[in-house]
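User: Please take one part of this structure and go through it closely. I would like to follow it pairing by pairing and contact by contact, then see what lies beyond it.

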Amino acid sequence: MASEKAQLIDTIQKHVSKGDWKAAIPEMEKLFALDPDPMIRVRIGDAYQKLNQKAEAVKEYVRAADLFAVQGAVVRALAQYKLALRLDPYHRSALDKMAALYSNKTVVEKKAEPVEEGKQKPANSVIPLFAGFTKEEFYDFTKMMVVHTMPPGQAIVRQDDRGKSVYIIANGSVRVYTALLSGEQVDLAVLWPGDFFGEMSFLTGKARTATVEAREDSNILEVEEDKLRELITRRPHVLEVLRQYSEMRAKGTIEKIQATNV
């Protein structure tokens, strides 16, 4: 089986390198039969997009999202529903299933999301934030999200930016660093799928204190500042949850520093 899987991957890569998406799809289907990884369905969806077959792409993104949801990978499921909705904004099934993630066991029990192979557990998991929302708040918060596909090296936020959007990493990873007056860059952290960031600037109104850029191909979910402020006007409890989540994160950081110094 291992050799068959490796052979299929090699064949798929050859088709993709030539831009032969039509030939790649049947081989991806064979690979999925051997290894039912939701990311294979994502790649099939990507291939259908390349072929401009949007309805088929939407179908695959929703199918991948459903599989992620079963695994308890709420953020990754969100990203795939969002990719489907980017192509078909009124796709009823994607909208309904996205809302149903509020009842996912991961959120209800505040469990850690399953970690991707080769990735680390998120330091600032968004799950406690999601769990603090009501069902209606969760629906409104996630509905306004925008999904971005970021190539390696692309900045998501820059140090001293005035933007106040908040972000969730759906897949991939990002590098967080700051620039000193000397021009030297100092790495601060690497963030992984499920990590949430950017709320401090939103809450304090201060400029960004660090640059965050993609380390690899990554899907990033963004809640834009204006939309978040509009949501808070309608649902003030959202601001309270954001503040509680931020305080919890700050407390956790202080405790880690103190433990290191012991």
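Analyst: **The sheet, its rings and the charged pairs**

Val-166 faces Val-223 of β8 across a strand pairing. Keep in mind that the model is predicted.

Strand β3 covers residues 166–171, and strand β8 covers residues 218–223. The two run antiparallel and are joined by 5 bridges.

Now the other pairing of β8. β1 also pairs with β8 in the antiparallel sense, again over 5 bridges. Here Met-150 is the residue that stands opposite Ser-218 of β8.

How well covered is β8? Of its 6 residues, 6 are buried, so the strand is mostly covered, taking buried as under 20% relative accessible area. Both of its faces are covered. Ser-218, Ile-220 and Glu-222 are buried on one side. Asn-219, Leu-221 and Val-223 are buried on the other.

Next come the rings. A pair of aromatic rings is described by the distance of the centres and the angle of the planes. The structure holds 6 aromatic pairs. One of them is Tyr-167 with Phe-197, which is stacked. The centres are 5.3 Å apart, with 20 degrees between the planes. Tyr-167 sits in strand β3 and Phe-197 in strand β6, so the pair links parts of the chain 30 residues apart. Tyr-167 counts as buried at 8% relative accessibility. Phe-197 is buried too, with a relative accessible area of 6%.

Phe-196 lies in strand β6, whereas Tyr-245 lies in helix α12 (residues 237–261). The pair therefore ties together parts that are 49 residues apart in sequence. Phe-196 and Tyr-245 are both buried.

Elsewhere, Tyr-102, Phe-130, Phe-133, Phe-138 and Phe-141 make up one aromatic cluster. Charges meet rings as well. The charged end of Arg-175 sits over the ring of Tyr-177, 3.9 Å from the ring centre. Arg-41 places its charged end over the ring of Phe-32, 4.6 Å from the centre.

Now the charged pairs. The structure holds 17 salt bridges. One of them joins Arg-234 to Asp-140, with the closest N and O atoms 3.3 Å apart. Arg-234 is in helix α11 (residues 225–234), and Asp-140 is in helix α9 (residues 135–143). The pair therefore ties together parts that are 94 residues apart in sequence. Asp-140 is buried, at 13%.

Glu-225 pairs with Arg-229, and the closest N and O atoms are 3.2 Å apart. Both lie in helix α11, 4 residues apart, or about one turn of the helix. Glu-225 counts as partly exposed at 23% relative accessibility. Arg-229 is also partly exposed, at 38%.

The side chains of Asp-10 and Lys-14 meet at 3.3 Å, N to O. Both lie in helix α1 (residues 2–17), 4 residues apart, about one turn of the helix. Asp-10 counts as partly exposed at 34% relative accessibility. Lys-14 is partly exposed at 48%.

Terms used. Residues numbered from 1 in each chain as written. Predicted model: local features only at pLDDT ≥ 70, side-chain atom pairs only at ≥ 80, totals over all residues. Heavy atoms only, no water. Pairing = 2+ DSSP bridges. Salt bridge = Lys/Arg side-chain N within 4 Å of Asp/Glu carboxyl O. Buried < 20%, exposed > 50% of the residue type's maximum accessible area, 1.4 Å probe, protein only. Phe/Tyr/Trp six-rings, centres within 6.5 Å; stacked < 30°, edge-to-face > 60°. Lys NZ or Arg CZ within 6 Å of the ring centre and 35° of its normal.
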